[in-house]
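User: Please go through the assignments made for this model and set each one against the criterion behind it.

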Amino acid sequence: MERYDLLYRLYDEFDTEAVREYQEFVDLFPAVDSRVALEHWQDASEELDTRKSEIRDSFVPGETFAEVAAHATRDQAFTALDLLSTYDRAINVLVLDVDETLRSAGNTDNEIPRDTLHRLTEFYESGVPIVICTGQTLENVKGFMIQGLGSEVVHSGDVSIVYESGNGVFTPGHGAETKRLLYEGLDEFVREVFDDVRARALTEAPEAVRHGCHLQGNEFNVTLKPNYETGSERAREIIDTALVYQLHLLGTAVARAADADLDEEAAVRWARAYYADADPEIRGVLEREGEYEARDLGELPEVLAEAFDRVDVAYYEADAAEISSLELNKVAGVEAALEVLGVDDPFALVMGDSKTDLRVMRWAEENHAGIAAAPNHASSDVLEHVLSTDELVFDRGKSAELLGTAYAMNCLASLD
């Protein structure tokens with residue numbers, strides 16, 4: 001209990017709120033060519049040093065408690081200590097989704113906030129590698145990460161980018177291992193299925209889907225997105241219709257690619273039953289659309305079972321209907337990134353909002369390899385997982401606050 005007693009003393013006897021405010025001002029003060037502004041920053045910096053020195057002189061080791069006070073609120077600090085007491089490990093790698101996690105279209109103008117970028121820089125400087133894990137293309141991610149963190153950090157050898165939801169991994173500074181193309185390991189069957197699905201995704205779509213959706217993804221990820229505002233009723237209706245169509249595409253594509261005498265319509269019905277059984281949300285859509293048929297999956301033809309076990313279908317209400325290869329997912333990408341980075345015994349902070357991120361969270365839990373955190377607007381399955389584990393939920397656009405908790409956790413780990 002000694003660590004808890006010391007935290008109580010820290011937050012009861014010192015104005016930690018003022019310390020945090022000064023620290024934030026000093027850290028995030030923009031570069032300006034103004035003598036008055038620079039003098040103001042210097043005054044704040046000196047006041048911060050004075051207040052932190054008072055804490056340093058009152059605790060052993062003082063620097064640890066000064067940093068905790070400067071980075072975490074009382075609640076965050078005690079959450080950090082609870083996590084440390086539970087797992088008895090510091091965070092040794094960050095695994096971070098970008099869209100609607102580090103940044104939010106609604107709250108951060110789709111930019112990663114400066115306080116979040118600063119937190120990431122602090123982790124980097126403390127020797128914690130960073131894995132950015134996203135569905136975006138490498139060019140997009142690399143561009144805004146260099147803009148946010150700087151070229152030196154991104155190319156340091158301690159930052160890895162898992163892009164296109166696991167199609168590839170880019171880890172600058174590692175020679176021949178810098179770029180890994182994970183899709184090169186896929187066999188001809190999977191390639192044929194996705195070639196077929198992508199070729200027909202819009203050309204053979206019902207008129208409502210053809211005019212109401214646009215195509216995203218890559219060779220092994222076929223995603224239909226609404227042409228209407230995400231979350232709107234029209235978006236919900238068109239994505240429900242698109243999901244039914246996606247299952248039709250997948251069933252017929254598997255039937256065509258398999259070396260067997262399969263009826264395409266039967267394969268479609270099996271596809272609906274298989275994925276409805278796997279995901280209650282998909283079943284709900286099929287029921288609403290009048291396309292659900294209960295079937296005994298014990299009678300599922302082996303060739304279809306093997307194919308469906310390798311392909312994922314995901315539904316994001318009023319946002320997207322997606323088909324992707326389970327062999328090219330964020331978990332495979334993260335494992336490859338950790339191998340290149342040399343993180344042999346990971347204990348990750350996994351932050352994300354979608355079902356693709358949920359797979360990484362479950363991987364971390366099953367392998368005792370980390371903890372999970374999510375924004376409060378994440379998908380219901382993600383929130384259910386996070387709330388059932390460590391309850392690390394943060395407000396939209398406030399990823400820096402959760403990173404502050406993790407940073408305090410690492411500071412407190414040094415007490416051992």
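**Criteria and assignments**

Analyst: Helix α11 (residues 233-257) lies across β6, β7, β8 and β9, and runs at about 155° to β7. Helices (H or I, at least four residues) and strands (E, at least two) are DSSP runs numbered from the N terminus. Angles run from 0 to 180 degrees between N-to-C directions, with axes as lines fitted to C-alpha atoms, for helices over the stretch in contact. The model is predicted: local features need pLDDT of at least 70 and side-chain atom pairs count only at pLDDT 80 or more, while totals for chains, interfaces and linings use all residues. Residues are numbered from 1 along each chain as its sequence is written, and side-chain values use heavy atoms, with hydrogens and water left out.

User: What makes β6 and β8 edge strands?

Analyst: The four strands form an open sheet in the order β6-β7-β9-β8, with antiparallel pairing. β6 (213-218) and β8 (311-316) each pair on one side only. Neighbouring strands of this sheet are turned by 15° against each other on average, direction ignored.

User: Why is arginine 256 called partly exposed?

Analyst: Buried means under 20% relative accessible area, exposed over 50%, and partly exposed in between (1.4 Å probe, protein chains only). Arginine 256 has 43%, so it is partly exposed. This residue is found in helix α11. Apart from neighbours within four places in sequence, arginine 256 is in contact with Glu192, Asp196, Arg200 and Glu264, where contact means heavy atoms within 4.5 Å.

User: What leaves one side of β5 and β12 without a neighbour in the sheet?

Analyst: These strands belong to an open sheet of eight strands, ordered β5-β4-β3-β2-β1-β10-β11-β12, with mixed pairing. β5 (179-181) and β12 (393-394) stand at its edges with a single partner strand each, so one side of each has no neighbour in the sheet. Two helices pack on this sheet. Helix α15 (residues 330-341) touches β1 (93-96), β2, β3, β4 (168-170) and β5, and its direction makes about 155° with that of β3. Helix α18 (residues 399-413) touches β1, β10 (348-351), β11 (370-375) and β12, at about 170° to the direction of β10.

User: How many bridges join β1 to β10, and how many join β1 to β2?

Analyst: Four bridges join β1 to β10, in parallel, and three join β1 to β2, also in parallel. Leucine 96 is bridged to methionine 351 in β10, and leucine 94 to isoleucine 130 in β2. Isoleucine 130 also stands opposite valine 159 in β3. In a regular strand the side chains alternate between the two faces of the sheet. Within β1, Val93 and Val95 point one way, Leu94 and Leu96 the other, and all are buried.

User: Why is the pair of tyrosine 274 and tyrosine 275 called edge-to-face?

Analyst: Rings of Phe, Tyr and Trp (its six-membered ring) pair if their centres lie within 6.5 Å; planes under 30 degrees apart count as stacked, over 60 as edge-to-face and the rest as tilted. The centres of tyrosine 274 and tyrosine 275 are 4.8 Å apart and the planes stand at 75°, so the pair is edge-to-face. Both residues are buried. The whole structure holds 12 aromatic pairs, and ring pairs link Tyr4, Tyr8 and Phe78 into a cluster.

User: What places the charged end of arginine 295 over the ring of tryptophan 270?

Analyst: A charge sits over a ring if NZ of Lys or CZ of Arg is within 6 Å of the ring centre and within 35 degrees of the ring normal. The charged end of arginine 295 sits over the ring of tryptophan 270 at 4.4 Å from its centre. Lysine 355 lies over the face of tyrosine 316, at 5.8 Å from the ring centre.

Conventions:
Two strands pair if DSSP finds at least two bridges between them.
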